[in-house]
Amino acid sequence: MRELQLSLNQTQKVRLQRALEKLESLSSKANSNASVTVADSIPVNYEDGLLKGHGTSEFNGEVVATVCGIVERVNKLVYVRALRARYKPEVGDIIVGRVIEVAPKRWRVEINYSHDAVLMLSSMNLPDGIQRRRTALDELNMRSIFEENDVICAEVRGFQHDGLHLQARSQKYGKLGRGQLLTVPSYLVKRRKQHFHNLENYGIDLIIGCNGFIWVGEHVQVTDDMVVDQVNKSEQDDAKPDENSFGPEGQEKNYTRQETRENICRAANAIRVLSTLGFNITVEVITETVDLSTSINVAIHEMLGSEFYVLVAEKESVRRSMTKKK
């Protein structure tokens with residue numbers, strides 16, 4: 001667990017320490033055979049041949065770890081996967097990023113990686129939705145699609161000679177509006193089958209980017225095969241037809257209700273609390289944290305107070321204990 005910079009009274013310190021110790025014990029039991037720290041010896045079989053990978057070194061005839069993490073084995077390769085590391089893109093990752101430059105036939109996007117990503121004009125859907133060759137007119141109108149400081153959602157296409165390339169050939173990708181962009185350490189976000197989530201009870205959308213950028217915004221209907229979490233299938237969202245637009249004109253016409261804005265802020269504060277505590281960011285944990293704040297009538301600004309941090313840590317320790325027993 002990271003060192004928490006919180007102003008806690010003596011009772012809160014004891015409660016938080018107890019909850020974190022319980023979480024540490026549960027985590028150590030789960031990863032007792034695989035977790036290593038610096039200078040720990042890694043058991044290997046030299047008879048089958050050995051390839052030392054990242055995070056390993058040989059010392060006095062033994063393979064030792066040079067970083068803290070989990071020992072991974074792929075055939076003869078042995079390496080240590082660091083628990084805390086920078087984002088490493090993989091093909092197919094769902095990412096959230098911010099446009100930093102509009103260049104000829106491409107946008108440069110900041111995605112919390114060591115290099116900026118590239119989104120080509122040919123790698124995204126045009127506003128009219130027609131599949132056709134990009135013309136010089138399309139290149140002149142690039143700023144009508146994305147401009148500097150726009151927040152967008154895309155998918156990692158792969159690495160090419162000029163860097164990391166993205167693609168947005170689907171209606172679920174594109175410009176994001178009417179919400180908040182949050183940054184968390186990328187190691188707190190695990191790759192899952194679904195990174196788009198609709199919290200129907202609160203009328204908001206969550207896009208948990210693999211790169212550690214998380215978008216919390218007003219729910220937007222899409223015409224693509226976007227798969228969303230349906231907590232209650234009997235309830236249908238009563239969104240207006242003109243709320244389907246990501247463009248600036250649609251955003252100016254629409255008005256986000258105060259209740260929805262409060263829900264966005266509540267979910268954003270829940271993510272901030274989880275990130276500070278060092279918990280993995282999943283839609284289930286976020287929903288539970290938001291539900292906890294509403295069930296005990298905690299004001300939105302009070303969610304960043306010391307008492308709520310302690311409550312979240314205690315609730316998470318109970319949840320993991322119940323999961324362990326099952």
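Reader: Which residue in the turn of the hairpin formed by E7 and E8 has a positive phi?

Author: The model is a predicted one. In it, strands E7 and E8 form a hairpin, and two residues lie between them. The turn residue with a positive phi, about 60°, is Lys105.

Reader: Which residue in E8 stands opposite Val102?

Author: E8 covers residues 106-110 and runs antiparallel to E7, with five bridges joining the two strands. At one place in this pairing, Val102 faces a residue of E8, namely Trp107.

Reader: Which residue in E10 stands opposite Ile95?

Author: E7 is also joined to strand E10, residues 151-160, by five bridges, and these two strands run antiparallel. Ile95 has its opposite number in E10, and that residue is Ala154.

Reader: How many of the ten residues of strand E7 are buried?

Author: Buried here means under 20% relative accessible area. Strand E7 spans residues 94-103 and is largely enclosed by the rest of the structure, because the buried count among its ten residues is seven.

Reader: Which strands stand at the edges of the open sheet of four strands?

Author: The sheet is open, its pairing is mixed, and its order is E1-E5-E6-E2. A strand at an edge has a single partner strand, so one side of it is left without a neighbour in the sheet. The strands in that position are E1 (35-36) and E2 (51-52).

Reader: What is the bridge partner of Ser35 in E5?

Author: E1 pairs with strand E5, residues 69-74, in the antiparallel sense, over two bridges. The partner of Ser35 across this pairing is Ile70.

Reader: Is Ser306 buried or exposed?

Author: Ser306 lies in helix H6. A polar atom of its side chain is 2.7 Å from the backbone oxygen of Ser7, and Ser306 also touches Leu6, Leu8 and Gln12. Its relative accessibility is 14%, so Ser306 counts as buried.

Reader: The backbone oxygen of which residue lies 3.3 Å from a polar atom of the side chain of His197?

Author: His197 lies in strand E14, residues 196-199, and is buried, with a relative accessible area of 5%. His197 and Ile208 are eleven residues apart in sequence and 8.2 Å apart in space, C-alpha to C-alpha. The backbone oxygen at 3.3 Å from the His197 side chain belongs to Gln194.

Reader: What percentage of the residues in the protein is buried?

Author: The protein has six helices and 16 strands. It exposes about 18,100 Å², of which carbon and sulfur atoms supply 48%. Of its 326 residues, the buried part is 42%.

Methods:
Residues are numbered from 1 along each chain as its sequence is written. This is a predicted model: local features need pLDDT of at least 70, side-chain atom pairs count only at pLDDT 80 or more; totals for chains, interfaces and linings use all residues. Side-chain values use heavy atoms; hydrogens and water are left out. Buried means under 20% relative accessible area, exposed over 50%, partly exposed in between (1.4 Å probe, protein chains only). Accessible areas come from the Shrake-Rupley method with a 1.4 Å probe; for residues, only the protein chains shown count as cover. Two strands pair if DSSP finds at least two bridges between them. A polar contact is a pair of N or O atoms within 3.5 Å; within protein, one must be able to donate a hydrogen and the other to accept it, and residues adjacent in sequence count only if both atoms are side-chain atoms. Contact means heavy atoms within 4.5 Å. Lists of a residue's contacts leave out its neighbours within four places in sequence.
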